[in-house]
Amino acid sequence: MRKENSNFKTAFLSEAGSYMQNKDYFAYTELDDVACWVAVKGLDSDQEINSAELAAKGILEKFIENPSMSRRRIKKYLKNAQHLLQAQSLRVRLKASIVIVVSDYSKMICATAGNSRVYHFRNGTLSYKSSDQSLAQKWAYERDYAIDISQHEERSNLLNYLGKPNSFQPVVSKKIKLMDDDVLLLCTSGFWEEVSEIEMADALENAKEPEQYVDVLEEVFLSRQKKIVNNYTIATIFTNKVYQENNKKKMKYLKLIVATMLLALVVGGGTIFYQAKQAKAMAELSAEMIEHEKTGNLHFQDGNYEDALMEYSEGRNAAKKLKNPVHRNLLAKKLRVTQLIINGNQSAEAGEFSGAVETYEKANEEGKIIGNFGKEEIEQKITDMDSIVQILEAVKKGDFKFEAEDYTNALEFYQKARKQALEISFSGDSAIKQKIEETEGKIAELEKAQKELRAEGLEKSGDQSYARQEYSKAVESYTIAQEIYQETNLIAKVLGLERKIMNANDKLNPPPLVEVPEIMYDKAGFPLDEVTEENQDSKEEGVE
């Protein structure tokens, strides 16, 4: 009966993106008194079992068997899907991220395990968004500030999901009242990581039917022109008319109001005693709020954005306690701008420069609302991004020249890139410096090789001159070659040429000849100028 007296329309798409297999899955059923929508993203690598489809069908099967809006029953649906994945985890452990919406056509309950999401829009603005069970979301809760999880590096680090081995704890919301013309959007992380909540709301402006809304959202998503597009699922529900509840419990609510008023009167009588004490506490809290904001501003100006974030968060908490909406909103905006700058810095460090510029520009736009907060810092970062793009382009050209062994031109590009890097304190300066050193080493090697070739040519020329008995030319060639070998530290070559130079010099300057006197001999064959006792006796005997 409820379904007949309401008008809910659903449209969806689920695509594989750049991949062969779509691990996402969407399904829903609308019964007479209650309906269920399920969007799931498979997180495992199993090629035969689609964990998302298995989980979605398992939930809808149990829902159809025993339809209910009970939070306890919804947890049972999820735990049944959990058991199905565990039972089918034969080759690999099946895992999935899931979001469920159950509605009786006048209220809804949503449940999540992982980081698939539901967004609830009313009058074109975001009214409710489910929470992720990720490390990034946990940090956002603990530090009490709005992290842009879509850009956070820990957004896919899930603390809970379907298929988790133990301590499976899904999150189930309280009942949320629906109104005519509300819009629900269920999606997987492949979609919401690329499309902001503002863009989701903007896409609603001219969408009259859920199919139109889905088409516009897909256009926005694909306009990112990513090289790799993940699996993505978009499902939207237009609550054109919700079921109108009767007011049977009117008297009960009236009694509750009366009891509340009586309690307020009793408590009000005792508050007079504490007024002075409360006034003092409020004054201290106000001073604390202002001090946190001032400290945050100082950290922001110094570029310590993480510290500024914490101070603004503390100041906002104080403003909440003071019930000071002006300062609460102001500090919330400063928090938002600061967080966007941090996100932009993270994108820049990861090499996603176009994403960084987009985030900085968003921070600049939001800063305009509160008196151009952070304008100079943000515009400087955008300028730095332009410089970084030029630096990377120069490095890319240098790499191309280096691969082509054109080391001289490569060095020129690297030096140009490093000069710009030093001007903006670019974090990639050390890598560019290393490229310069490597290139200079290659140039030095080439110069050494060229010198060695020249020396070898001179040595060869000297050998040819030596062979032609042109010893002077040989010495000249050998001497120059020896000097080059000395520069290139080729000691063996130096010593070898030293011997060649000595030989050539010997040929140029031979040693003088020593004149040997002519020796006369007598008839007996003895030198005439050497008369010994023996040959004297021989002479005398010959005379006798």
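A nonpolar core is a set of buried Ala, Val, Leu, Ile, Met, Phe, Trp, Tyr and Cys residues joined through side-chain atoms within 4.5 Å. Buried means under 20% relative accessible area, exposed over 50%, and partly exposed in between (1.4 Å probe, protein chains only). The model is predicted: local features need pLDDT of at least 70, side-chain atom pairs count only at pLDDT 80 or more, and totals for chains, interfaces and linings use all residues. Residues are numbered from 1 along each chain as its sequence is written, and side-chain values use heavy atoms, with hydrogens and water left out.

**View 1. The whole chain.** The chain has 17 helices and 11 strands; helices (H or I, at least four residues) and strands (E, at least two) are DSSP runs, numbered from the N terminus. Of its 544 residues, 41% count as buried. Among contacts (heavy atoms within 4.5 Å) with a separation of 6 or more, 66% are between residues 24 or more positions apart.

**View 2. The largest nonpolar core.** This core has 43 residues, and those with the most contacts inside it are Ile341, Tyr360, Met385, Ile391 and Ile432. At least two core residues come from each of H8 (275-301), H9 (305-322), H10 (325-349), H11 (353-368), H12 (375-403), H13 (407-423) and H14 (429-467). H12 gives the most, with 8 residues. Another core lies apart from this one and has 29 residues, among them Ala96, Val102, Ala111 and Leu162.

**View 3. Tyr360 and Thr359.** With neighbours within four places in sequence left aside, Tyr360 is in contact with Ile341, Gly344, Asn345, Ala348, Ile378, Lys381, Ile382 and Met385. Thr359 is found in helix H11 and counts as buried because its relative accessibility is 8%.

**View 4. H11 against H12.** The axes of H11 and H12 come within 9 Å and cross at roughly 165 degrees. Axes are lines fitted to C-alpha atoms, for helices over the stretch in contact, and angles run from 0 to 180 degrees between N-to-C directions. H11 and H12 are therefore roughly antiparallel; angles under 35 degrees count as roughly parallel, over 145 as roughly antiparallel, 65 to 115 as roughly perpendicular and the rest as oblique. H11 passes H12 in a left-handed crossing, a term used if the near helix is turned anticlockwise from the far one by less than a right angle (right-handed if clockwise). Phe353, Val357 and Tyr360 are among the H11 residues in this contact, and Ile378, Met385 and Leu392 are among those of H12. The contact residues divide into 11 nonpolar, 1 polar and 4 charged. Here Ala, Val, Leu, Ile, Met, Phe, Trp, Tyr, Cys and Pro count as nonpolar, Asp, Glu, Lys and Arg as charged, and the others, Gly among them, as polar.

**View 5. H14 against H15.** H14 and H15 (residues 471-487) pack at an angle of about 160 degrees, with their axes 8 Å apart. H14 is therefore roughly antiparallel to H15, and passes H15 in a left-handed crossing. The H14 side includes Lys451, Leu458 and Tyr466, and the H15 side includes Tyr471, Tyr478 and Ile484. By class, this contact has 10 nonpolar, 4 polar and 8 charged residues.

**View 6. Lys227 in its loop.** Lys227 lies in the loop between helix H6 (210-222) and strand E11 (232-241). With a relative accessible area of 87%, Lys227 is exposed. Lys227 and Ser18 are 209 residues apart in sequence and 8.3 Å apart in space, C-alpha to C-alpha.
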